[in-house]
Amino acid sequence: MIGNGLPVQIELSPGQMNDAPMAELLLNNLPAGADVIADKGYDADWIRDLIEDQDCTPHIPPRSHRYDDITYSKAEYKK
């Protein structure tokens, strides 16, 4: 485990700002094989693709309005 359960990168933004714009900044240069755990604010196809393109696994619960079936490890997310 790379961060031993601790965040390995953090960026601060205004509280009223949407989470997704920070995703590209946070998710660049991930170590291969990393598990990326994020909340529903990061549920977007391009974010999942960005993570998977780096040979990492996203654990992001889907937003309630999603029509396609998104799978993620609930056990990993709860950790």
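A residue is called buried when its relative accessible area is under 20%, exposed when that value is over 50%, and partly exposed in between. Keep these cut-offs in mind as you look at the model, which is a predicted one.

Start with R48, which you will find in helix 2. Its relative accessible area is 6%, so R48 is buried. What does R48 touch, not counting residues up to four places away in sequence? The answer is D43, I60, P61, P62, R66 and I70.

Now turn to the nonpolar residues. In soluble globular proteins, nonpolar side chains tend to be buried together. Here, the largest nonpolar core has 15 residues, and those with the most contacts inside it are L27, Y42, I47 and I51. Two elements, helix 1 and helix 2, each give two or more residues to this core. Helix 1 covers 20–26, and helix 2 covers 45–52.

If you leave aside its neighbours within four places in sequence, I51 is in contact with L27, L30, V36, C56, T57, P58 and I60.

The loop between helix 1 and strand 1 (35–37) is the next stop, and N29 lies in it. N29 has a positive phi of about 60 degrees although it is not a glycine. Is N29 buried or exposed? With a relative accessible area of 74%, N29 is over the 50% cut-off and therefore exposed. P31 is found in this loop too, but at 36% relative accessibility P31 counts as partly exposed. Although P31 and C56 are 25 residues apart along the chain, their C-alpha atoms are separated by 7.7 Å.

Finally, visit the loop between helix 2 and strand 2 (57–59), where D55 has its place. D55 also has a positive phi of about 60 degrees, and D55 is not a glycine either. Its relative accessible area is 59%, so D55 is exposed. D53 sits in this loop as well, and its 66% relative accessibility means that D53 counts as exposed.

Conventions:
Residues numbered from 1 in each chain as written. Predicted model: local features only at pLDDT ≥ 70, side-chain atom pairs only at ≥ 80, totals over all residues. Heavy atoms only, no water. Helix = DSSP H or I, 4+ residues; strand = E, 2+ residues; numbered from the N terminus. Buried < 20%, exposed > 50% of the residue type's maximum accessible area, 1.4 Å probe, protein only. Core = buried A, V, L, I, M, F, W, Y, C linked by side-chain atoms within 4.5 Å. Contact = heavy atoms within 4.5 Å.
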